[in-house]
Every structure is written in structure tokens, then in C-alpha cells.
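Please look at the sequence and the model below before reading on.

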Amino acid sequence: MLKIAFAVVALLAVAVSADHDDYHSHPSYKFEYGVKDHHTGDHKSQWEHRDGDVVKGAYTLEEADGTHRVVEYSSDKHNGFQAHVKRVGHAHHPEVYGHHEGGQSYGGHGHGHASSYANGNLHFHH
């Protein structure tokens, strides 16, 4: 009788675990967002797609020097995670003034201005 009770419990355990196993699910999602805040200068965007074990995406952000960092990435079980980073645009550095009114030098530390946003838009073609 003990062997039969053990066999029934074992079968129930297998049946219950078979109904609750999520490791065979196929994850899939897509998202994207963007921020363009002229007050703070925060300009960035991101998109990502996942289909099973394959993830692809990209994000952009504006650097302090006016260039844009563009990162395109992918991940899968054969190649692992790979990212390709690009810098788009030309850096704008502040003007440096070496003297003040009395003729004394400030040592060349920046007292100028810099452009905050490069002209043009970034476009992704998938």
C-alpha cells in the first residue's frame, strides 16, 4: 500500500509541475520612447525588440559637447551581447579666455559658451 501511495504522490507532483512550468514560454516584446526637454537639454531615445532569445535595440543621447552617441545592440545565444557605438556630429567646445579686465591671466580655464544641440535629427532605419 505504501508503494501505491508513493506512486500516486509522484504522479501528482509531475502533473502539477507540468502545469506550472513557465520555462518553455516564448518572451516577446517591443518598446520605444524618446525625451526632448529643451529646458534641461535632455535629449535621448531608445527602442528594443525581443523575440525569444534574440534581442535587438538602439539608444541615442546627446553628449555635453553637442555630439550624439548612438548605440546599436543585439544579443542572442550564438553571439552573446554585442554593441556598436557611434559618435555623430562635431564636438563644440567652449571658447577659452586667458585674461580678464586687469590683464591678469585666469590660466586658460573656460569662461565661454557651448552649443547645446546640433542641427538635424537622427533617424533609425530598421
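The model is predicted, and local features need pLDDT of at least 70, side-chain atom pairs count only at pLDDT 80 or more, while totals for chains, interfaces and linings use all residues. Residues are numbered from 1 along each chain as its sequence is written, and side-chain values use heavy atoms, with hydrogens and water left out.

Strands are DSSP runs (E, at least two residues), numbered from the N terminus. Strand β3 comprises residues 54-62 and includes T60. The side chain of T60 makes a polar contact of 2.8 Å with that of S45; such a contact is a pair of N or O atoms within 3.5 Å, one able to donate a hydrogen and the other to accept it.

Strand β4, residues 68-76, contains S74. Although S74 and V54 are 20 residues apart along the chain, their C-alpha atoms are separated by 7.3 Å. Leaving aside residues up to four places away in sequence, S74 touches V55, K56, G80, F81 and Q82, where contact means heavy atoms within 4.5 Å.

Two aromatic pairs are found in the whole structure. One of them joins Y29 and F31, which are stacked at 6.3 Å centre to centre with 20 degrees between the planes. Rings pair if their centres lie within 6.5 Å, and planes under 30 degrees apart count as stacked.

The table lists exposure, where buried means under 20% relative accessible area, exposed over 50%, and partly exposed in between (1.4 Å probe, protein chains only).

| Residue | Relative accessible area | Class |
|---|---|---|
| T60 | 8% | buried |
| S74 | 26% | partly exposed |
| Y29 | 33% | partly exposed |
| F31 | 34% | partly exposed |

Methods. Helix = DSSP H or I, 4+ residues; strand = E, 2+ residues; numbered from the N terminus. Phe/Tyr/Trp six-rings, centres within 6.5 Å; stacked < 30°, edge-to-face > 60°.
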